[in-house]
Amino acid sequence: MSVDVATSGERDTFVTQRSRALEGEVSIGGAKNSVLKLMAACLLAEGQHVLANVPDISDVSLMCELLEAMGVTVTRADHRLVIDVPAELNTEAPYHLVERMRASIVVLGPLLGRFGTARVALPGGDDFGPRPIDMHLRALESLGATFSTAHGDISGTAELLKGTEVVLEYPSVGATENVLMAAVRAKGRTRIVNPAREPEISDLVEFLNQMGARVGWSGDRLAVDGVERLAPAPSGNGYRVIPDRIEAATFLAAVGMCGGSVFLRHAVAEHMTMLIRKLSEMGMHIVIDEAGLRATVNQRLASADISTLPFPGLATDYKPFLVSMLTTAAGVGIVTENIFTGRFRYIDELRRMGADIRTEGHHAVVRGVERLSGAPVRAHDIRAGAALVVAGLAATGETEVTGAAHIDRGYEDLAGKLAGIGAPISRR
Ligand code: UD1
């Protein structure tokens with residue numbers, strides 16, 4: 001399977017003009033941050049796994065490559081993945097793949113859980129700042145794994161994983177996933193204290209349980225009773241990945257900045273409670289129904305203060321969209337980033353478009369301006385890149401967002417979906 005990340009210069013630019021009010025309907029795809037982990041979870045059991053509602057994004061292609069490098073066969077068509085996992089696997093995740101996608105680190109837990117051995121290249125930093133994995137390792141060590149590092153790889157072994165109380169000092173999403181996928185095969189009961197509680201974690205719990213694991217929430221802790229064997233989830237039409245709340249936030253931001261009324265089919269309001277509250281406070285009218293939600297904006301949004309927190313707080317992944325919206329909202333908003341240290345870099349790009357933003361440590365003060373002005377800007381990561389595309393729709397003249405390959409990592413046809421609700425956008 002080849003990876004269709006555009007190489008530099010090859011359709012690597014989104015081009016936008018100022019948009020009229022957006023109208024119509026957009027369909028929200030499967031969640032990137034869920035499907036990558038479900039794919040890793042398949043390593044826990046020999047046999048054929050089927051995933052449905054899989055977004056056509058390049059991070060999924062990379063995860064396919066990683067699984068294939070381990071000896072797994074993957075077939076991908078019509079938003080479905082058929083993943084055939086053999087009895088024996090190569091338990092190594094090579095640097096050239098891990099380096100391109102940090103989320104690869106989640107193969108560590110399932111490999112240790114099933115084979116008692118794993119060797120994974122250490123991920124480097126990225127545009128969010130340093131991304132350590134110390135909590136992943138400490139949590140796995142408390143189950144009995146031991147680790148050593150050499151030549152840029154981390155090697156883990158575990159003769160026997162034994163259930164115990166695992167305390168996460170911070171509810172890290174990746175550490176929760178890794179320890180969960182090891183604990184499902186450990187002997188006895190594991191209690192994970194202070195786990196991440198993002199909807200993508202609940203999706204992983206549900207998928208593991210369908211594979212025969214025994215995982216349950218006990219208040220806001222996770223209780224895992226280890227089992228001897230797991231099997232592919234009963235397939236039917238395949239296990240359906242939950243909708244992507246961050247993709248939904250992207251379209252909410254577009255409506256927020258351009259005005260109009262758009263129905264987000266499949267968006268799940270209960271995955272986005274805090275975001276919906278915040279956007280309502282800013283003046284967006286949101287109506288929720290079973291099939292999705294409708295967002296309507298008839299006037300300039302009002303500013304609000306924003307502070308990112310682990311779920312159920314406002315997700316750090318929403319922040320670039322909220323900052324884009326604040327750049328043209330009426331008033332001043334103070335934005336506080338509590339999850340990642342380096343996540344303000346795209347603000348320099350927004351300034352090039354006329355935004356009035358001051359940063360101080362992990363705070364940004366955004367003073368709304370009447371209009372942004374189109375400019376050439378660069379995407380440095382998935383969500384910040386998409387937030388620049390959205391900002392371009394509210395800017396006079398033309399905006400060129402280069403670095404589109406970053407955006408393709410997490411968005412299926414962003415330009416097509418925005419054009420479908422009336423946005424003047426193209427790709428070249
Ligand atoms: C996941 C998401 C990412 C999202 C983030 C927070 C995927 C593929 N990525 O990333 O989009 O922004 O959750 O919701 O699902 N930390 C440590 N040591 C560790 C692990 C984490 O210090 O061992 C720190 C990180 O540097 C960061 C914070 O904890 O400051 C949160 O990280 P974490 O929740 O682990 O995020 P990821 O799983 O990497």
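Four strands form an open sheet here, in the order 10-11-13-12 and with mixed pairing. Two strands count as paired if DSSP finds at least two bridges between them. The helices (H or I, at least four residues) and strands (E, at least two) are DSSP runs, numbered from the N terminus. This is a predicted model, where local features need pLDDT of at least 70 and side-chain atom pairs count only at pLDDT 80 or more, while totals for chains, interfaces and linings use all residues. Residues are numbered from 1 along each chain as its sequence is written, and side-chain values use heavy atoms, with hydrogens and water left out.

**The sheet and its helix**

- Strand 10 (165-167) and strand 12 (214-218) are at the edges with a single partner strand each, so one side of each has no neighbour in the sheet.
- On average, neighbouring strands of this sheet are turned by 20° against each other, direction ignored.
- Strand 10 and strand 11 (residues 189-193) run parallel and are joined by three bridges.
- Look for Val166, which stands opposite Ile192 in strand 11.
- Helix 6 (residues 173-183) lies across strands 10, 11, 12 and 13 (221-225), at about 25° to strand 13.
- For such angles, axes are lines fitted to C-alpha atoms, for helices over the stretch in contact, and the angles run from 0 to 180 degrees between N-to-C directions.

**The ligand and its shell**

- The ligand is surrounded by 20 residues, and the closest are Lys37, Met135, Ser172, Asp317 and Ile339; a residue is near a molecule if one of its heavy atoms lies within 4 Å of it.
- Helix 1 (32-41), helix 5 (134-142) and helix 6 each supply at least two residues of this shell.
- Which helix gives the largest share of the shell? Helix 5 does, with three residues.
- Polar contacts are pairs of N or O atoms within 3.5 Å; within protein, one must be able to donate a hydrogen and the other to accept it, and residues adjacent in sequence count only if both atoms are side-chain atoms.
- A polar side-chain atom of Asp134 lies 2.7 Å from a nitrogen atom of the ligand.
- For Ser172, a polar side-chain atom lies 2.6 Å from an oxygen atom of the ligand.

**A look at Lys417**

- You can find Lys417 in helix 14 (residues 414-420).
- Is Lys417 buried or exposed? Lys417 is buried, with a relative accessible area of 18%; buried means under 20%, exposed over 50%, and partly exposed in between (1.4 Å probe, protein chains only).
- Although Lys417 and Ser27 are 390 residues apart along the chain, their C-alpha atoms are separated by 8.0 Å.

Methods:
Contact = heavy atoms within 4.5 Å.
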